[in-house]
Every structure is written in structure tokens, then in C-alpha cells.
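Me: I'd like to learn how to read a sheet and a cavity in a model. Can you walk me through it?

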Amino acid sequence: MSQRTFPDGFLWGAATAAHQIEGSPMADGAGPSIWTRFAHTPGMTLNGDTGDVACDHYRRWKDDVKLMRELGLQAYRFSVSWSRIHPEGTGRVNQAGVDFYSRLVDELLENGIEPLLTLYHWDLPAALEDRGGWLNRDSADWFAEYGSTMYRALDGRVKKWVTLNEPWVITDGGYLHGALAPGHRSKYETPIASHNLMRAHGAAVKAYRDIGKHEIGLVVNIEPKYPASDSAEDTAATKRAHAYMNEQYLDPALLGRYPPELKEIFGDAWPDWAAADLELIRQQLDFIGINYYTRSVTQANDSYPLKAGAVRQPLGTYTETGWEVYPKGLTDLLVWVKERYGDIPMYITENGAAFFDPPVAEGGRVRDPLRMDYLQKHIGAVHDAIQAGCDIRGYMLWSLLDNLEWSLGYSKRFGMVHVNYGTQERTPKDSARWYSKVIASHGASL
Ligand SMILES: OC[C@@H]1[C@@H](O)[C@H](O)[C@@H](O)c2nc(CNc3ccccc3)cn21
């Protein structure tokens, strides 16, 4: 492979999320989140795993930043836990919570690492869930208030903001299938939660334009949908699946309209949304964050309500989470975003994989060749998209640390750094050492 050169200023980093790494969810005046509540509800997570300790990052943050510097990271994407900032969700500010993230940002900057801050990575304050959560139209105001608190506190030092992480997972997991907090299962609630999440995104961006002076965007998880056959049924199913995951959030955010397939999918559960709502949702964005993990070869089936699903590929390679390794899907997807939405700058805000990692060997090595292969091919796919004309500004590897994989507990390890949850010892895996070389060579060593 000829040497790959990435654009000047291309940012190499890694990503995490508050609930997955911090622990100490109720420390220093914080309030509970829906994930604190969900994980402590019997049967909701594997082995009853909770975020009570996680990677103990709330206490080990300074050493973790030192580790990021040693690995040569140029950027670090993290999320803020809303209920540390507003324990009741709105109103009173818990200054100790703001101070934690302020100290983290200062430490990152002192170590030459650019912070990318995600306001919402799934951990809604439980107090707001008790007021209807994302089903309450007031959630747009709640979120704008929380965002404004953080903009005022950190905008001089944080220059890249993200409103929401993956509205599709929040609603498909938390409102339709119930696998994620708040664990609802309703075809009727799902579009309402989706719509209010996007109204909240728009309200937070509007508030940023009054307070902030830098960049703000939205992060979506999207995956290319390829028809399993050229039958009319599979073609229609693929179109539905594509609209439901890939267009449902980017179309309103960037085009001010929903894809028509959503009415077909949700039927009488799809409201006629007011034009004013779509105007709120469609705010000028500085970038879009793309979280990519896999593709879906899609066929018609009797799944509810989508009537479409992925077909396992007999010759495919799969990760521990059952996702097919398909790097070309990332290139195809990035080109699709450019063709549909224009030259909006993009960051790969998550990309990575869980494979079965061996224990830490003598001398502190963790051999993870499958992860190295996955990353090498996907970073190569990013380069292919850049060569195809996509404006991609950075790559955030998921994840810096092994961490709490939501309902799957600690059973899946996505980190380039191994975490011993008994001792909290961090051990960079071979993939971390490899990634450090990629960063140092600006991609040339890929
Ligand atoms: O599952 C790995 C990560 C997860 O740890 C992050 O918090 C989250 O942002 C994230 N999103 C995806 C995208 N895909 C997905 C699909 C179905 C359920 C959950 C995630 C993967 N991941």
C-alpha cells in the first residue's frame, strides 16, 4: 500500500463516555441518572453490572490524561454527566460537578490534548425522567439550559462541542426495544422521544450561537444498508432500514425534513410534526460526527415495526458484539453523507471493536491483533473517503479504555488500554502502541 497522507490538522484521538468510565455517580452532590437507576434494577444489565465504579475515572482522571499524553493522543472525546451539573436536571447548579470537568479540560490542554465535549451520552438525570424525560416537550428547554451552563463554564477552553450522541440508539434502545435506559417498549413513544431529542439538539445549538464562539455538531451512528437480494421486498426493506437509521436524524438536522419512510414504518404512531419544530431542529452545524462500527446486509422480515433486518454473512468476520467487520462500508457511508448533505466537515467520532482479548501477559503485554487489523483497515477506509473528496477532520478511536458496555456490563472490551477492574490497573494493548505510531507518523505508518 502506498504511503497514506492525511490532511494537515487531521486530529487523532480516542473517545469515552461519562457513565462508562467515571464511576462515583453520586459523588460531590451529583444526582442519579437513568442509567444509575436502570443498572440497579434487577435483570437490566448482564450480571447486574453497574457504573458505580466502572474505570474509577472520576478519581483517576489525572493519571488517565497522563496515559493519553504517553500514547500521543492529540484529542480526547468525552461526555459530561448532566446530573453532576444539574442534580435535579434543571435549576440549581452543582459547582463541584462543573469543577470536575473544568479540571479535566485544563489537564487535557496542559498536555496538548484537544477536548471534544459531548453534552449528552445517554445519562439523563433521573429527576427529568420523572417529569416525562424525552417524552416531555419541555426537554428541549431543559437541555438548552444544561448546555448553556456548560458553554458559559468551558467555551473558552472547549472548542468542539457535541449536543447528542446517537439519537437513534437512545430511542431504538431506550424507547422501542427497551434494552437501554429508560427501558421503554413503545412504538408510540419512540417517534416522540426522537423528535424531542432533535428539538433539544436544535435548542442547544441555538443557545450555543448566543454564548459560544467555537464549533458545535451532532453525532450519529449510521451504517450502510446493502440489500440481501435484488427482490422488491429486500429492496424496500433496505430503503426502510436506511431511512430509519441513516436519514432519520441527519435529514431533519441538515435538510429540515423527515424521510417519508418513517410514516410507513410507524404508521399511526407517526405524528404530523409542526413546521416550527423542524425549523428549530435545523440549525447550522459546524460538523457532523460519524460513529461507525459495521454494515448491514438487509432483508425483509417480520420484525416490528421496521420489517427489515440484517443477514449474517457466511464468509464474514464478526466482532464480540456480533458486528461484521466491513471497512469499505465506512468509505461508502462517508461518500453518501457528502453526496446527500454536501461538504459538511466530518469527524469519525467513534470507531472500534470488541474482540476476545487475552489476559495481561508477563511483562505487561496484551496481544490484540484482531483489533489492530480492524483499526488499520478502518483508518484506511477513512483515507479512501478523504481521497474521494470527503472533508474528514479527525478520527476518535472507540475506546481509550475498556469500559462499561451498557446493558452488556463489563463483558465486552473495546479499549485500546486494558483495565483490570479489580485493581484498576491500566495496561496499553498492542493496538495502543500501534496507534501511537500511526499518530506520530500522521497516518503514514498505517
Ligand atoms: O458499543 C460500543 C459503543 C458504545 O460503548 C458507545 O457508548 C456508543 O456510543 C456506541 N454506539 C455504537 C453504535 N452502535 C450500536 C448499535 C446498537 C446498540 C448500541 C450501539 C457503538 N457504541
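Me: Let's begin with strand pairing. In what sense do β8 and β9 pair, and over how many bridges?
Reply: Strands of a sheet pair through backbone hydrogen bonds, either parallel or antiparallel. Keep in mind that this is a predicted model. Here β8 (residues 296–300) pairs with β9 in the antiparallel sense, over 3 bridges. For a spot to look at, find Ala300: Ala308 in β9 stands opposite.

Me: OK, and what order do the strands of the sheet take?
Reply: The order is β6-β8-β9, so read it from one end to the other and you have an open sheet of 3 strands with mixed pairing. β6 (225–227) and β9 (308–310) are at the edges; each has a single partner strand, so one side of each lacks a neighbour in the sheet. On average, neighbouring strands are turned by 45° against each other, ignoring direction.

Me: Which helix lies across those strands?
Reply: That's α10 (residues 232–247), which lies across β6, β8 and β9 and runs at about 125° to β8.

Me: Now the voids. How many cavities of 30 Å³ or more does a search of the whole structure find?
Reply: The search gives 3.

Me: How does the lining of the largest cavity divide into nonpolar, polar and charged residues?
Reply: It splits into 8 polar, 3 charged and 2 nonpolar residues.

Terms used:
Residues numbered from 1 in each chain as written. Predicted model: local features only at pLDDT ≥ 70, side-chain atom pairs only at ≥ 80, totals over all residues. Heavy atoms only, no water. 1 Å grid on protein atoms, 1.4 Å probe; cavity = no way out; pocket = protein on both sides within 12 Å on 5 of 7 lines; lining within 4 Å. Points joined across faces, edges and corners; volume = space filled by probe spheres on them. Nonpolar A, V, L, I, M, F, W, Y, C, P; charged D, E, K, R; others polar. Pairing = 2+ DSSP bridges. Helix = DSSP H or I, 4+ residues; strand = E, 2+ residues; numbered from the N terminus. Axes fitted to C-alpha atoms, helices over the stretch in contact; angles between N-to-C directions. Contact = heavy atoms within 4.5 Å.
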